[in-house]
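Please read it alongside the coordinates.

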Amino acid sequence: MLIVDDSDVQREHAVALGREHGVALIHQAASGSEALALLERLDLPPDVLVVDLEMPGIDGVELIQQLHQRRIHVPLLVASGREGALIHSVEIMARKLGLTVLAGLQKPLRAGPFQAALQRFKPPEQATGAPAATAAPTPAFTRDDLASAIAVGAIDVHYQPKVDMRTGIVRGMEALARWHRPGSGFVRPDLFVALAEQEGLIHELTMAVMARALAQAAQWGRRGLRLSMAINLSQRLLDRPSLVDEIAAMVRRHGLKSEQVVLEITEGTLASRASTALGVLARLRLKGFGLSIDDYGTGFSSMQQLARIPFTELKIDRSFVHGSHQRTNLRVILESALDMARRLDMVTVAEGVEMMEDWRLLQQAGCAIGQGFLIAKPMPASDMLPWIKRHQPRLQELRQNALPNP
């Protein structure tokens, strides 16, 4: 570990914490410039870099920028006596530069959060000699590869449960496209969806995913499990005149009601197509489909879209949910969005729920539906009914953690 802090007292305190938690070798630097010089000299780079923000000369922000410019990729623990919002901003900056950030902590450092941050450290894969931050290359694929996969039904669908925040009862599923290429493994969805949009395959891809998801919802319904099904709808389809009738006909073929289907539209995609999208979205709503504004808070025209489009559901992006119990700024934005949605009579969904503390905060703030790894990861349809049976003890835990109505 390398600890960079201009305060002798704070630096020695961090050294003591590091030793207490089993760090074998600890270097110290009293300034950003001293840290950079030390990093150039060390034969073995540190596993973790603890960076204070307020230092004379090269401050912590500039040090992080220098690390990026010099291609020094060491996991960071950002520390400062300043407000949490400032620390969080530096965390975001470092991540956007491609650096790993273990945590942002306020000083004086405390043993519990410090240990939790160190536990997030993942050592490099020494057997391969690959640096920890290096990802495996994504296998190349072409338009023809994707078109063929769609045509032969090789695009699978996984499902992520959406549960009632008060009771833990499963209320619905989100359908998520998955593509497994034999010999290559899974292709990242953002990559093949982007290719589908660029190469004119998004209609075929969406209809294939929708058909499989609706068939699965109908099968679950026959077994007494009536769930809503959320399906992502690309902005590229909102110019298609026949879209509404196509979706309505597919829902009828599977014996479902339009009220069971929620179409998720990413907020940021609407601004450039609002004039053409309004008619399509209005007709979908007239036919009873739910409309969800997805990734709420990540675009630049949120309020305008809510005023113009008849959304029934507000889905708050993970970036405003994860860690909201620790960050005042996130909590205020989250609570404001939930309050606004209630006033607009919209269902509220929080995605990216991964910690019980965030679950409790969302309960207290009145969020209706939660989705995230705390509940379950996306899974194949064959795993869903066994998961629901196993979910019962977890359901009891979530009920016990419920807070009184605000």
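Once its neighbours within four places in sequence are left aside, I247 is in contact with M207, M210, L233, L263, L284 and F289. These contacts come from a predicted model, in which the protein chain has a mean pLDDT of 85 and 88% of its residues reach 70 or more.

**Nonpolar cores**

- The largest nonpolar core has 84 residues, and I247 is among those with the most contacts inside it, together with Y159, L263 and L284.
- The element that gives the most to this core is α8, with 10 residues.
- A second, separate core has 25 residues, including I64, L67, V90 and V101.

- H158 has its place in strand β6, which covers residues 155-164, and because its relative accessible area is 13%, under the 20% cut-off, it counts as buried.
- Leaving aside neighbours within four places in sequence, the residues in contact with H158 are E174, A175, L176 and R178, along with P378, M379 and P380.
- L102 lies in strand β5, residues 101-106, and is likewise classed as buried because its relative accessible area, 5%, is under 20%.
- Not counting residues up to four places away in sequence, L102 touches V48, P75, L76, A117, R120 and F121.
- L102 and L118 are 16 residues apart in sequence, while their C-alpha atoms are 7.2 Å apart in space.

**The second largest pocket**

- The second largest pocket holds about 940 Å³ of space, and of the 36 residues that line it, E174, L176, P189, N232 and D294 are the closest to its centre.
- Two or more lining residues come from each of β7 (170-181), α7 (189-198), α8 (202-222), β9 (228-232), β10 (261-266) and β11 (290-296).
- Within the lining of this pocket, β7 gives the most, with five residues.
- Sorted by class, the lining of the second largest pocket has 13 nonpolar, 10 polar and 13 charged residues.
- Two of the residues closest to the centre of this pocket, E174 and L176, are also in contact with the buried H158.

**The cavity**

- A search of the whole structure finds one cavity of 30 Å³ or more, and the largest cavity contains about 60 Å³ of space.
- The lining of the largest cavity is made up of I3, V4, D5, Q10, A14, V50, D52, A79, K107 and L109.
- At least two residues of this lining are supplied by each of β1 (2-4), α1 (8-20) and β3 (49-52).
- By class, six of the residues lining the largest cavity are nonpolar, one is polar and three are charged.

**Confidence along the chain**

- Confidence in the protein chain is highest in α8, at a mean of 97, and lowest in helix α11 (residues 302-308), at a mean of 68.
- Over residues 125-138 pLDDT stays under 50, and for this stretch the model has seven contacts beyond four places in sequence.
- Where pLDDT is low, predicted coordinates should not be read in detail.

Note on methods. Residues are numbered from 1 along each chain as its sequence is written. This is a predicted model: local features need pLDDT of at least 70, side-chain atom pairs count only at pLDDT 80 or more; totals for chains, interfaces and linings use all residues. Side-chain values use heavy atoms; hydrogens and water are left out. On a 1 Å grid over the protein atoms alone, a cavity is a set of points where a 1.4 Å probe fits but cannot get out, and a pocket is an open set with protein on both sides within 12 Å along at least five of seven lines; lining residues have an atom within 4 Å of a point. Grid points are joined across faces, edges and corners, and a volume is the space filled by probe spheres set on the points. Helices (H or I, at least four residues) and strands (E, at least two) are DSSP runs, numbered from the N terminus. Ala, Val, Leu, Ile, Met, Phe, Trp, Tyr, Cys and Pro count as nonpolar, Asp, Glu, Lys and Arg as charged, and the others, Gly among them, as polar. A nonpolar core is a set of buried Ala, Val, Leu, Ile, Met, Phe, Trp, Tyr and Cys residues joined through side-chain atoms within 4.5 Å. Buried means under 20% relative accessible area, exposed over 50%, partly exposed in between (1.4 Å probe, protein chains only). Contact means heavy atoms within 4.5 Å. pLDDT is the predictor's confidence in each residue, from 0 to 100.
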